[in-house]
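Here are a few friendly notes to read alongside the model.

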Amino acid sequence: MNTEATSNGEMFISSMQEHWIRYVGPAFGCLILTTLSIFLYYLAGVSAFEQEWASDALFVTATIMLLVTTHGIFHLLMSRYLSQIIVTDKRIIKLDQRLFLQDEMHESPLDKVRVVSAEKHGVMQSLLRYGTVVLDQQKITYVPHPHAVARDIAHVLEMK
Amino acid sequence: MSMIVLIILGIIDLISILMMLALVFEFRHMYHKYGSFFRSLSDTTSNTHASVYVWMYVVITLLFSFGATLLYFIHPHWL
């Protein structure tokens, strides 16, 4: 646990990014689109002499798909980079970022929290070490190592 | 025929580059907005490698955009 006092007396405890599993679905979609666009490029090459119109249409479609995928992947990467979970001795802050689509900051003050717990359900969450941290009724999902985070928060609550 | 396709590819390239610039500037804006917020909490939360993402994005977008246009000239001969 890394603690550090700030100018307003708030003690920083830890910060983390959301677990990467949240982005597996969109990344898989991008992979399928890339494969499809490569296949379309191949078809465009095959039909270049026999059916020129079809070849050109396939080529333009493949280019659009490839570029959309590129932008999609980097949108995902940069959004994940900005999405953070920050724990201090006074609050937990969750930044939900999707560039141009979503800009949310959820703040949970710890002085009102009575119970903190961590949940992992299923094989995937156990193997990949992610889960949910529950603060009373509020749930923070896709937290890497949720038990360690819950332990840190419980430690802060004990100190109060 | 190929001239029409080249114009379409040029328009796609232009849209792609504009989209890349919009995303990079939005990322920079958000990075500075939340970067100062992180620094107010702790120096240890300051993220590194943000520029790596940005430069990778710029290079790959330019490569794919102009690469596709160049590819158009050679694609009938690659098989």
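1. Is B:Ile11 buried, partly exposed or exposed? Because its relative accessibility is 46%, B:Ile11 counts as partly exposed, where buried means under 20% relative accessible area, exposed over 50%, and partly exposed in between (1.4 Å probe, protein chains only). The residue belongs to helix 1 of chain B, residues 2-41; helices here are DSSP runs of H or I with at least four residues, strands are runs of E with at least two, and both are numbered from the N terminus.

2. A word on the basis: this is a predicted model, in which local features need pLDDT of at least 70 and side-chain atom pairs count only at pLDDT 80 or more, while totals for chains, interfaces and linings use all residues. Residues are numbered from 1 along each chain as its sequence is written, chains are lettered from A and ligands numbered from 1 in the order in which they are written, and side-chain values use heavy atoms, leaving out hydrogens and water.

3. Chain A contains four helices and eight strands, in the order β-β-α-α-β-β-β-β-α-β-β-α along the sequence. Of its 160 residues, 46% count as buried.

4. Please look at the open three-stranded sheet in chain A, with order 6-7-8 and antiparallel pairing. Strand 6 (116-119) and strand 8 (138-144) of chain A are at the edges with a single partner strand each, so one side of each has no neighbour in the sheet.

5. Strand 7 (residues 130-135) and strand 8 of chain A pair antiparallel over five bridges; pairing requires at least two DSSP bridges between two strands. A:Leu135 has A:Gln138 in strand 8 of chain A as its bridge partner.
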